[in-house]
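Welcome, and thanks for opening your viewer. Please load the model, show it as a cartoon, and get ready to click along.

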Amino acid sequence: MTTMKTVQQRFEQSTFWQTLGFEYIHAEDGVAEIAFNYREDLTNVVGTLHGGVFMAALDTVMGIATHTLGFDKVVTIQLETRFLKPITKGRIQALGRVISQTRSTVILEGRLYNEDQELVGFATATFKGTH
């Protein structure tokens, strides 16, 4: 059986997770939170956080939120992202929460905040989970 501690350990041991500097904050009951710091090596050519990192944080936090429902494995099957403001410094917070679920499909929203707690982007996604 997969526990939230197991899920946390899986993510924290991932090279991808470590490369981006993600930090596991909290996850339970369809809600998850991670955070990371802006770094120049994660920027695009104009000096803002790269869109791929932006999306990776949202995808990851929503995946963790999906795991809180008791799924052993989850995969993203759809992800739509809106970029509202550029990120150029500081600590970044990502929140994910379940909106709806069926037996094996989960719809979520993810939100990304800058260090001033301003909403800088959001996403909706569909994940497939297996037990």
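Before the first stop, here is a word you will need throughout: contact, or touching, means heavy atoms within 4.5 Å. The model is predicted, so local features need pLDDT of at least 70 and side-chain atom pairs count only at pLDDT 80 or more, while totals for chains, interfaces and linings use all residues. Residues are numbered from 1 along each chain as its sequence is written, and side-chain values use heavy atoms, with hydrogens and water left out.

**Stop 1: helix α1**

Select residues 4–12, which form helix α1. Helices (H or I, at least four residues) and strands (E, at least two) are DSSP runs, numbered from the N terminus. Which residues of α1 are buried? Colour V7, Q8 and F11 to see them. Buried means under 20% relative accessible area, exposed means over 50%, and partly exposed is in between (1.4 Å probe, protein chains only).

Now look down the axis of α1. Its buried residues fall within an arc of 100°, so they line one face of the helix; the arc is that of the directions from the helix axis to the C-beta atoms.

What do the buried residues of α1 pack against? Show α2 (15–20), β1 (23–28) and α3 (51–67), and you have their partners.

While you are on α1, click T6, which lies in this helix. T6 is partly exposed, with a relative accessible area of 27%.

**Stop 2: where α1 meets α3**

Keep α1 and α3 on screen. Two packed helices are described by the angle between their axes and the distance between the axes. Here α1 and α3 pack at an angle of about 155°, with their axes 10 Å apart. Axes are lines fitted to C-alpha atoms, for helices over the stretch in contact, and angles run from 0 to 180 degrees between N-to-C directions. α1 and α3 are therefore roughly antiparallel to each other. On this scale, angles under 35 degrees count as roughly parallel, over 145 as roughly antiparallel, 65 to 115 as roughly perpendicular and the rest as oblique.

Show the side chains that make the contact: M4, V7, R10 and F11 of α1, with T60, I64 and H67 of α3. By class, this contact has four nonpolar, two polar and one charged residues. Ala, Val, Leu, Ile, Met, Phe, Trp, Tyr, Cys and Pro count as nonpolar, Asp, Glu, Lys and Arg as charged, and the others, Gly among them, as polar.

Next, zoom in on H67, in helix α3. Is H67 buried or exposed? At 8% relative accessibility, H67 counts as buried. Leaving out residues up to four places away in sequence, H67 touches M4, V7, R10, F11, D72, K73 and V74.

**Stop 3: W17**

Move to W17 in helix α2. W17 has 4% relative accessibility and so counts as buried. Not counting residues up to four places away in sequence, W17 touches F11, E12, F22, E23, Y24, I34, T60 and I64.

**Stop 4: V106**

Now select V106 in strand β5. V106 is buried, with a relative accessible area of 0%. Among its contacts, not counting residues up to four places away in sequence, are T66, L69, F71 and F127.

**Stop 5: two loops**

Most residues other than glycine have a negative phi, and most peptide bonds are trans. Where can you find D29? Look in the loop between β1 and β2 (31–37). D29 has a positive phi of about 50° although it is not a glycine. At 70% relative accessibility, D29 counts as exposed.

Finish at the loop between β5 (105–113) and β6 (119–130), where you will find Q117. Q117 has a positive phi of about 65°, although it is not a glycine. E118 lies in this loop between β5 and β6 too, and at 32% relative accessibility E118 counts as partly exposed. Leaving aside neighbours within four places in sequence, E118 is in contact with K85, L112 and Y113. E118 and K85 are 33 residues apart in sequence and 8.9 Å apart in space, C-alpha to C-alpha.
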